[in-house]
Amino acid sequence: MIRAEIGVLGLGVMGKNLSRNLANNGFRIALYNRHVEGVEENVASDFKSKHPELKKALDFDNLSAFVQSLEIPRKIILMVNAGKVVDLVVEQLADYLEEGDIIIDAGNSHFQETNRRIKWLNAKRLNFIGIGVSGGEQGALLGPSIMSSGDQAVYLKIQKYLEAIAAKDSNNKPCCVYVGPQGSGHFVKMIHNGIEYVEMQLLADCYTVLKQQGKSNEAMADIFEKWIEDVGSYLLSITVEILRKKDNNTYVLDIILDKATNKGTGKWATATIADCGEPATMIPSALFARYISFFKEKRQQAASLFSQNSKPNTVNSNELKSAYQFSRIINHHQGFSLIKRVSDQNEWGIDLNEIARIWTEGCIIKSELMKSIATTMNNDKPILFTNPWYSEIETSYTAMRYVVLQGIESQLHIPSMMEAINYFHGIKTSNGSANLIQAQRDYLVPILMRGEMICQV
Ligand code: 6PG
C-alpha cells in the first residue's frame, strides 16, 4: 500500500469538503470517520465512492489502521467540533502516534486551549498545530483563508498542503499565513469571527432602519445591491440573496424567528477584549445584540408595556451607506488594534498587513474595505489615523450623526452603529471625564478601608 501524505479525521461537511480540496490539489490522502453502530457507519468509504477525485484516497473507520496508513512524520488534520471532543480525539490518537508526528486542529478552538494542548503533546514528543480556517463549507472546498501558528519548523512541514488548498489573493498568493507561535492562529481566527459578528450586526442595523420606513424586502435588496459596487463584501452579497429568497411566494426571511444564537467565538473574543484592555467595543455590542434577541418573550412584554414610535425615520440610502461604512471602518480599526494589542502582550509579532491580505479572499469577512486595508495599512499606525480611512471617517461623520439621531428619534435598536459613534466620540475626546472617576475612586478608598463603619451604618 502506498502511504498517504496527509490524513483528515472527522468527515462532517467541513471535513468532507476540505478532503475534496486536498484531493483536487493532487495530494494522496487518508480519510477517517469513527464507526457508531446504526448512526455513523461506513462514512469514509461511502464518501469516497461518491466523488471521483477521491479514487486514490484511503478510507478507514479504524483509527489504528488510519494512522498506520500515513507517511512519517504523520500529518493529521482534525475536523471535529471545538471543545472536549478535540481532547478526546487527541487522547485516542496519541496512543497510535510516534515522536515527531503532527496533529493539526482546524476547528474554531479557543487559543488558550491550543496553548494547553501544545504543551501537553510536546511533553509526549508530538507536535500540535492550531490553524484558523475561515470560509464556511464553500471555502473548505474551493479555498479557505488559513491562519496557521505554532512551532514554525513544524509549520514548514505542512505549509505546502495548506498553501495549496487555500484561496488565492489578487496576486495569486495563497491566503494562508504563519501567524506566529503558540495558538496565535486560533486567536486571529477568533478575532476574525468577532469582526464577522459586527459586520453581520451592522447589516442588521441597516435592515432595521430600512424596515422601519416600510421598505419591502425587494426594495431593501435593491438598495444593498447598489452598494456592492463601492462597499462590496461577501456578507453584503449574501444579505441581498437572503432578502430576495422566496419559498412558495413567501419571503423566507419573514418566517425566520428574530432570535440569533452563536457558537461561542464572539463570547471568547469579548472576554479577551476585557482581559487585554483594548477598547474594542463593537464586538461586545454585536454579541449582546444576539443575547437581547434571544429574550423574545421579555421583549414582547416590554413592547406591550412601553410606548412605541410610529413615525418612520427619514434616513436616505446614501446616508445609511455612509453610516454603514463609517461603522465598518471603526469595526476594522478596533479588530486590528485588538490583534496588535494581544500580539504585543504575548510577543507574537503578528504582521497585520499579512492578516489583512489573507482576509481579502476565502473568508467570511472578505470585502473591498479589507482589500484597501491590505494595501495601505501600517503595522504601527491605527486604521483610524491612516488615510484613506481617516478622510472617509471625516466625510461620512455628518451622515453617521444623522442616522444615529434618527435612530434615537425613531426608537430603533441599532446597537453596533450606536457603538461605532460612541467609541469615535470617546477616542477623539482629549479631555474626558475619567478625572471624576479617579477622584471618586480616591475618595472611596479611605472609606472602603473603614469597612466596619460602613457595615454599622
Ligand atoms: C468562518 C465562520 C465560521 C462561523 C463561526 C461563527 O470563518 O468560516 O466564522 O467559523 O460563521 O463559527 O459562528 P456563530 O455565528 O454560530 O457563532
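The model, which is predicted, contains an open sheet of 8 strands in the order β3-β2-β1-β4-β5-β6-β7-β8, with mixed pairing. Its edge strands, each pairing on one side only, are β3 (58–60) and β8 (176–180). On average, neighbouring strands of this sheet are turned by 25° against each other, direction ignored. Strands (E, at least two residues) and helices (H or I, at least four residues) are DSSP runs numbered from the N terminus, and two strands pair if DSSP finds at least two bridges between them.

Strands β1 (residues 6–9) and β2 (residues 29–32) run parallel and are joined by 4 bridges. Within this pairing, L9 stands opposite Y32 in β2.

Residues are numbered from 1 along each chain as its sequence is written. In this predicted model, local features need pLDDT of at least 70 and side-chain atom pairs count only at pLDDT 80 or more, while totals for chains, interfaces and linings use all residues; side-chain values use heavy atoms, with hydrogens and water left out.

Helix α8 (residues 184–212) lies across β5 (102–105), β6 (127–134), β7 (145–149) and β8, and runs at about 20° to β6. Contact here means heavy atoms within 4.5 Å. Axes are lines fitted to C-alpha atoms, for helices over the stretch in contact, and angles run from 0 to 180 degrees between N-to-C directions.

Helix α8 also supplies the largest share of the lining of the largest pocket, 10 residues. The whole lining has 40 residues, of which A204, Y207, T208, D258 and S293 lie nearest the pocket centre. At least two lining residues come from each of α8, α10 (234–244), α12 (282–294) and α13 (296–305). The space in this pocket is about 1700 Å³.

## Cavity

The whole structure has 1 cavity of 30 Å³ or more. The largest cavity holds about 30 Å³ of space and is lined by E199, S233, L235, R328, I364, I365, K366 and S367.

On a 1 Å grid over the protein atoms alone, a cavity is a set of points where a 1.4 Å probe fits but cannot get out; a pocket is an open set with protein on both sides within 12 Å along at least five of seven lines, and lining residues have an atom within 4 Å of a point. Grid points are joined across faces, edges and corners, and a volume is the space filled by probe spheres set on the points.

## Aromatic rings

There are 14 aromatic pairs in the structure, a pair being rings of Phe, Tyr or Trp (its six-membered ring) with centres within 6.5 Å. One aromatic cluster is formed by Y32, F60 and F66.

Two charges sit over rings, with NZ of Lys or CZ of Arg within 6 Å of the ring centre and within 35 degrees of the ring normal. K259 lies over the face of F294, 4.8 Å from the ring centre, and the charged end of R401 sits over the ring of Y397, 4.7 Å from its centre.

## Backbone

Most peptide bonds are trans, and most residues other than glycine have a negative phi. The bond from I72 to P73 is cis, with omega near -5°; P73 is in the loop between α3 (63–68) and β4 (75–78). N387 and P388 are also joined by a cis peptide bond, with omega about 10°, and P388 lies in the loop between α16 (368–376) and α17 (389–409).

R125 has a positive phi, near 60°, and is placed in the loop between α5 (111–123) and β6.

Methods:
Rings of Phe, Tyr and Trp (its six-membered ring) pair if their centres lie within 6.5 Å; planes under 30 degrees apart count as stacked, over 60 as edge-to-face and the rest as tilted.
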